[in-house]
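Please view the sequence and the structure before reading the points below.

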Amino acid sequence: MAELSPILKQATPVVAARGEGAYIYDEDDRRYLDFTAGIGVTSTGHCHPRVVAAAREQVGTLVHGQYTTVMHRPLLRLTERLGEVLPAGLDRLFYVNSGSEAVEAALRLARQATGRQNVIVFQGSFHGRTMGAASLTTSGVKIRAGIGPLMPGVVVSPFPYAYRLGVSEADAVAYALRELDYLFATVTSPRDTAAVFIEPVLGEGGYVPVPSAFLQGLRERADRHGFLLVADEVQTGFGRTGTFWGHEPSGIRPDVVITAKGLASGFPLSAIAAPAAIMEKAWPGSQGGTYGGNAVSCAAALATLDVIQEEGLVENAARMGERLRLGLEKVAEANPVIGDVRGRGLMLGNEFTAADGSPDGATALRAQQAAARHGLLLLTCAPEGNVVRMIPPLIVDGDQVDSAVSLWAAAVEEAVAG
């Protein structure tokens with residue numbers, strides 16, 4: 001009898017039978033408020049009627065048209081529509097299936113477009129599990145351990161994580177930029193540096209937003225030295241942070257944007273976007289793939305865009321995110337074990353810290369597990385597993401947010417009591 005790999009550990013004991021909006025129902029029809037959204041994937045909620053209808057219609061006409069063999073209309077329409085929401089000038093797209101694949105494609109493009117080999121990432125980054133993407137990932141040794149040697153040419157720089165450093169945000173930014181400049185003097189010459197990859201909000205690394213001043217500092221250095229600034233928007237894009245793209249508050253424009261997760265409401269689809277002047281420097285044959293730009297996934301992505309725009313989900317993410325953050329802060333005030341509540345929009349983290357300031361992953365895990373028993377599905381993250389993250393679908397409403405806060409308060413109390 002075949003079974004799943006024993007290495008796959010489930011975050012909750014739930015066996016999902018169906019999903020509807022912000023809820024998952026198990027096989028006994030018990031309802032759970034899903035604040036995981038498939039790790040930020042089901043942006044329009046579970047089984048949004050318009051997404052379901054679009055996918056059903058497409059399944060009945062063309063399931064797969066391999067896009068280096070034939071072209072199909074959903075892919076062409078999606079490319080036009082993404083041109084309306086992407087940063088100005090990022091007008092060429094390449095499609096694959098997952099975030100890791102898109103990161104690999106962006107890495108390949110950066111090296112080919114610049115003729116340089118080195119790539120800079122930041123402590124706590126998560127860019128994927130495939131070999132190149134894992135080499136860029138520092139959110140935890142579980143992604144990197146036991147598979148070395150990893151891809152060479154990757155340099156890790158400090159991230160401006162003010163809470164962890166115990167300093168102000170301004171001081172954290174100054175420190176991280178100073179250390180980056182030191183790397184240019186000691187480890188990777190700017191003339192050898194192809195790109196900087198950064199998530200606008202650290203994902204697996206602990207749900208830490210990148211200060212705008214830091215992104216602006218990266219943009220200035222990229223312009224000065226001629227390397228590319230790559231925004232990994234796999235988790236932060238498509239309204240998750242209360243703006244359509246996570247980098248928007250900084251006012252900068254990346255050279256390359258990577259998108260996945262919420263792009264197609266649960267169907268596998270990812271992409272990289274870059275200006276024509278950069279994309280055309282990719283070497284012939286370097287971009288391709290059997291399933292990239294799948295017709296059903298593209299149809300779902302078109303419906304996802306319609307729902308996000310017509311139902312005002314970016315604005316809803318900003319409003320509901322603020323409501324959720326205020327509720328979480330009240331829970332933290334009553335429970336000093338939560339040392340920090342942070343995030344943007346509907347991408348919020350609760351960092352658990354022991355009395356001596358050390359990470360408290362044990363209490364975080366107890367709280368996450370207790371929340372599941374109370375009917376609220378959550379996930380942990382951060383290298384020490386001491387951050388409980390909340391990523392509800394963008395359609396979440398005020399009553400659901402308030403219910404989640406109430407359930408979370410009960411779960412934290414239970415976790416603290418031991």
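Is Glu351 buried or exposed? Glu351 is buried, with a relative accessible area of 8%; buried denotes under 20% relative accessible area, exposed over 50%, and partly exposed the range in between, for a 1.4 Å probe and protein chains only. The model is predicted, so local features need pLDDT of at least 70 and side-chain atom pairs count only at pLDDT 80 or more, while totals for chains, interfaces and linings use all residues. Residues are numbered from 1 along each chain as its sequence is written, and side-chain values use heavy atoms, with hydrogens and water left out.

**Helix H14**

- Helix H14 comprises 20 residues, 398-417; helices are DSSP runs of H or I with at least four residues, numbered from the N terminus.
- From its first C-alpha to its last, H14 reaches 29 Å, close to the expected 28 Å, where the expected span is 1.5 Å times one less than the number of residues.
- The buried residues of H14 are Gly398, Gln400, Val401, Ala404, Val405, Trp408, Ala411, Val412 and Ala415.
- Exposed residues Asp399, Glu413 and Ala417 are carried by the face of H14 turned away from its buried side.
- At the N-terminal end, Asp397 caps H14 through a side-chain oxygen 3.2 Å from the backbone nitrogen of Asp399.
- Just after H14, Gly418 adopts a positive phi of about 85°.

**Salt bridges**

- The count comes to 18 salt bridges, a salt bridge being a side-chain nitrogen of Lys or Arg within 4 Å of a carboxyl oxygen of Asp or Glu.
- Glu351 pairs with Arg342 in a salt bridge whose closest N and O atoms are 2.7 Å apart; Arg342 is buried, at 8% relative accessibility.
- Salt bridges with shared partners also join Asp181, Glu220, Arg221 and Arg224 into one network.
- Arg323 forms a salt bridge with Asp402, with the closest N and O atoms 2.6 Å apart.
- This pair links distant parts of the chain, 79 residues apart: Arg323 belongs to helix H12 (residues 313-334) and Asp402 to helix H14.
- Arg323 is partly exposed at 35% relative accessibility, and Asp402 is partly exposed with a relative accessible area of 36%.
- Between Arg92 and Asp91, the closest N and O atoms of the salt bridge are 3.6 Å apart.
- Arg92 is partly exposed, at 41% relative accessible area, and Asp91 is partly exposed, at 42%.

Technical notes:
Helix = DSSP H or I, 4+ residues; strand = E, 2+ residues; numbered from the N terminus. Polar contact = N/O pair within 3.5 Å; in protein donor to acceptor, adjacent residues only side chain to side chain.
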